[in-house]
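Here is a short tour of a structure, written for someone who likes to see the cut-offs next to the values. Keep the viewer open as you read.

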Amino acid sequence: MSARGGEAPEQGGAGDDRELPWLAAPLRHTLETRQAHALLIHGPGGVGQFELALALAKGWLCEANDRPLVDRPCGRCASCKLQAARSHPDLLVLVPEALRESLGWDLGGGEGDDAGEGGKRKPSKEIRVEAVRAAIAFATTTSARGLGKVVVVHPAERMNEIAASAFLKTLEEPAGDARFLLCSAAPGGLLPTIRSRCQEVVLPVPPARDAETWLTRQGVAQPGVLLAASGGQPQEALELAERGIDAKYWLALPQRIAVGDATALQGWSLPSAVDALQKICHDTASLACGGAPRYFPRDRLNGDADLGALLRWSRELGRVAAEVDHPWGVDLAIESLVGQGREALKTPRSRGRSGEGLSLNSTG
Ligand SMILES: [Zn+2]
């Protein structure tokens, strides 16, 4: 997710401003050890699977013959420049229409995804079979620059069932000299038969220090707070910052929900709101069980809430999260979930001092 904040889209890999420094080692390692024609790059969301795939493609197609493969991409040869301009004839990137803009990949690639027809149709969140067929056709033609072809599929689990079956056939009977890079934050959503035909590359959450340094370079203040908010996933932390959620806002959130202030989530999408509420619920429940919080500092949470009420809230949050298109309006759904949160985050009367409710130390 490299195109943000109105800047020109840039591609991950050697030599650009938004380069993800924690990808350098996995990139070298993968170039050195993974020779299969299909790789599955997976790990938690927001750590750069897509950027690693693009960097690998850049490395494989790099024409700096004087360098060993592990030292590519060079960032300077004709192939590297074509990739930076997103017009390399031997690279095809398949992403759902709905993600193209946020990925900065709305110009080249994915030509088969019937983008031209029915101008007002809602952009698809899936990778459709037409797009996969176009990718297969692309993969079977001769490489234009002589170093083979690369197809990147992101996120691979967004291939619908028909698309995935079509894709599986290509993996079973590879034709031509194409290589496939599948990216996923949810590999459980892939056909097991697809997964078994790919060599796996696991991309873990990067060391916090690297992630914080990178976030600081992107202009994020108090990066540690947003990094924790995102479960250690730096690209998600940056996304929060770019949505206007800074450390102060995040730290105040549990207390605002505890008093039923639904305006704290005004303008949020339902999935983002549910995600934030689930994190408050998780951390409060964790404290109630004697564990440690993960997304918020301890002093921002009520350590005396009732576990039963939290579990009921958690179940309701899970139910809403599972509904793809919520029948109610978003505001109404958020208000209802915050209302339940206020009840769940109370200290039960039997335990609290004269039912005062919260035992929070700070008001942010
Ligand atoms: Zn190069």
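## Aromatic pairs

How many aromatic pairs does a search of the whole structure find? The search finds four, where rings of Phe, Tyr and Trp (its six-membered ring) pair if their centres lie within 6.5 Å, with planes under 30 degrees apart counted as stacked, over 60 as edge-to-face and the rest as tilted. One of them joins Phe 167 and Phe 180: the ring centres are 5.4 Å apart and the planes are at 90°, so this pair is edge-to-face. Phe 167 belongs to helix α6 (residues 161–172) and Phe 180 to strand β4 (residues 178–184), 13 residues apart. Helices (H or I, at least four residues) and strands (E, at least two) are DSSP runs, numbered from the N terminus. Both Phe 167 and Phe 180 are buried; buried means under 20% relative accessible area, exposed over 50%, and partly exposed in between (1.4 Å probe, protein chains only).

Trp 250 and Phe 296 have ring centres 4.6 Å apart and planes at 5°, so they are stacked. Trp 250 lies in helix α11 (residues 247–258) and Phe 296 in the loop between α12 and α13 (307–322), so the pair ties together parts that are 46 residues apart in sequence. Trp 250 is buried at 1% relative accessible area, and Phe 296 is buried at 3%.

## What the numbers rest on

This is a predicted model: local features need pLDDT of at least 70 and side-chain atom pairs count only at pLDDT 80 or more, while totals for chains, interfaces and linings use all residues. Residues are numbered from 1 along each chain as its sequence is written, and side-chain values use heavy atoms, with hydrogens and water left out.

## The zinc site

Which residues are the protein donors of the zinc ion? They are Cys 62, Cys 74, Cys 77 and Cys 80, each through SG, lying 2.3 to 2.4 Å from the ion. Donors here are N, O and S atoms within 2.8 Å of the metal (3.2 Å for Na, K and Ca); water is not among the atoms, so sites may look incomplete. Along the chain the donors follow the spacing C-x11-C-x2-C-x2-C.

The four donor atoms subtend angles of 104 to 115° around the zinc ion, which makes the arrangement tetrahedral; for four donors that label needs all angles between 85 and 135 degrees. The ideal angle for four tetrahedral donors is 109.5 degrees. Cys 74 is buried at 12% relative accessibility, and Cys 77 is buried at 13%.

## Helix α12

Helix α12 (residues 270–288) has 19 residues, which should span 27 Å at 1.5 Å a residue; its end C-alpha atoms are 26 Å apart, which agrees. The expected span is 1.5 Å times one less than the number of residues. Of the 19 residues of α12, 14 are buried, so the helix is largely enclosed by the rest of the structure. Gly 290 follows α12, with a positive phi near 85°.

## Salt bridges

The whole structure holds 11 salt bridges, each a side-chain nitrogen of Lys or Arg within 4 Å of a carboxyl oxygen of Asp or Glu. Among them, Glu 63 pairs with Arg 145, the closest N and O atoms being 2.7 Å apart. Glu 63 lies in the loop between α2 (49–61) and α3 (78–84) and Arg 145 in the loop between α5 (129–140) and β3 (149–153), so the pair ties together parts that are 82 residues apart in sequence.

Methods:
Four donors count as tetrahedral if all angles lie between 85 and 135 degrees; four count as square planar and six as octahedral if opposite donors are over 155 degrees apart and all others between 65 and 115; anything else is irregular.
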